[in-house]
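Here is a quick briefing for anyone opening this structure for the first time. Have a look at the picture, then read on.

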Amino acid sequence: MGRIEPDDSKKNETCEGEMPSHVAIIMDGNGRWAKARHMPRIFGHNAGVEALRNIVHCAINYNIEILTIYAFSTENWRRPQDEIDGLFALLKQFVRNDLTTLHKNGVRIRIQGRREGLNNEILSLIDEAEEKTKNNNKLTLVICFNYGGQAEILDATKAIATKVLSGEIKVDEIDIETFEKHLNSAGWSHPDLIIRTAGEQRLSNFLMWQSAYSELVFTQVLWPDFETKDFEMAINEFKKRKRRFGGI
Ligand code: IPE
Ligand code: IPE
Ligand code: MG
């Protein structure tokens, strides 16, 4: 698939603000997209992968540093087994089929989430993708898979508590910086912009810690229909926002 260039003529017309360097997306609405076509839900997830490929190219073209995507939540285990199997198969397929192209385009891949619950085949694919692309610096694609913000915070808390018990850290030393070091996202910037497709206005346990000062943009567009122009609209909306981080 060819690269889709952003429409430069429109880009700076009304938007003066800075570009986001880290964009995160809650890719929602695959099931509804399939249902509207009287097709099984997995058909929507398949179409969602196509939309993702395009948005990765957009992010590269826009010089976005980090694109984080929510692919499978710790709560998505509540879905029927055949849908879970389908989503796992899609992740495997995406990593296997797209790895060469992503690597060629300078994409660094990171998978964020709990490793427990993932089988060895997926784990070794993830390790291979991360290892192969670790020196790329055009775009970092963070795939949140088996990810939950609360699980991430709990895991960090347990790791810190263990260090307190062993005397490695003192209670008074636990500050924001220390806490962040124990998160999956340690060392990475927080998302400037979080986009959620398909109309729901909630985070659904996505990046609970890191979203503290993210700008949120919601769109009715279902994820498989999310195109370059929708990405541009979200970026333009972001550029109009005034970020204050608690200041004035
Ligand atoms: C998002 O689409 C993909 C995942 C959660 C894995 P959904 O499957 O949630 O689609 P809807 O919300 O049912 O339409
Ligand atoms: C959030 O979507 C998870 C992903 C996009 C992977 P859900 O469809 O699971 O969220 P809820 O259930 O509508 O809150
Ligand atoms: Mg959903």
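In which helix does Asp230 lie? Asp230 sits in helix 8, residues 228-240; helices here are DSSP runs of H or I with at least four residues, strands are E runs of at least two, and both are numbered from the N terminus. Before going further, note that this is a predicted model, where local features need pLDDT of at least 70, side-chain atom pairs count only at pLDDT 80 or more, and totals for chains, interfaces and linings use all residues. Residues are numbered from 1 along each chain as its sequence is written, chains are lettered from A and ligands numbered from 1 in the order in which they are written, and side-chain values use heavy atoms, with hydrogens and water left out.

**Two residues to look up**

- Asp230 counts as buried because its relative accessibility is 9%; buried means under 20% relative accessible area, exposed over 50% and partly exposed in between, with a 1.4 Å probe and protein chains only.
- Setting aside residues up to four places away in sequence, Asp230 touches Val221 and Asp225 (contact means heavy atoms within 4.5 Å).
- Gly148 is in the loop between strand 4 and helix 6, and its 2% relative accessibility is why Gly148 counts as buried.
- Gly148 and Tyr70 are 78 residues apart in sequence, yet their C-alpha atoms are 9.4 Å apart in space.
- Apart from neighbours within four places in sequence, Gly148 is in contact with Tyr70, Thr74 and Asn205.

**Helix 6**

- Helix 6 covers residues 149-166, which makes 18 residues.
- From first C-alpha to last, helix 6 reaches 26 Å, close to the 26 Å expected at 1.5 Å a residue (the expected span is 1.5 Å times one less than the number of residues).
- Just after helix 6 comes Gly167, with a positive phi of about 90 degrees.

**Strands 5 and 6**

- Strand 5 (residues 193-196) pairs with strand 6 in the parallel sense over 4 bridges; strands pair if DSSP finds at least two bridges between them.
- Ile195 has Val217 in strand 6 as its bridge partner.

**Ligand 1**

- Ligand 1 is surrounded by 13 residues, the closest being Asp28, Gly31, Arg32, Arg41 and Arg79 (a residue counts as near if one of its heavy atoms lies within 4 Å).
- An oxygen atom of ligand 1 is 2.8 Å from a polar backbone atom of Arg32.
- For Arg79, a polar side-chain atom lies 2.7 Å from an oxygen atom of ligand 1.
- On its own, ligand 1 exposes 380 Å², and the protein buries 87% of that (areas come from the Shrake-Rupley method with a 1.4 Å probe).

**Ligand 2**

- The residues around ligand 2 include Tyr70, Asn76, Arg79, Arg196 and Ser204.
- The side chain of Ser204 has an N or O atom 2.6 Å from an oxygen atom of ligand 2.
- Taken alone, ligand 2 exposes 390 Å², of which the protein buries 78%.

How values were computed: A polar contact is a pair of N or O atoms within 3.5 Å; within protein, one must be able to donate a hydrogen and the other to accept it, and residues adjacent in sequence count only if both atoms are side-chain atoms.
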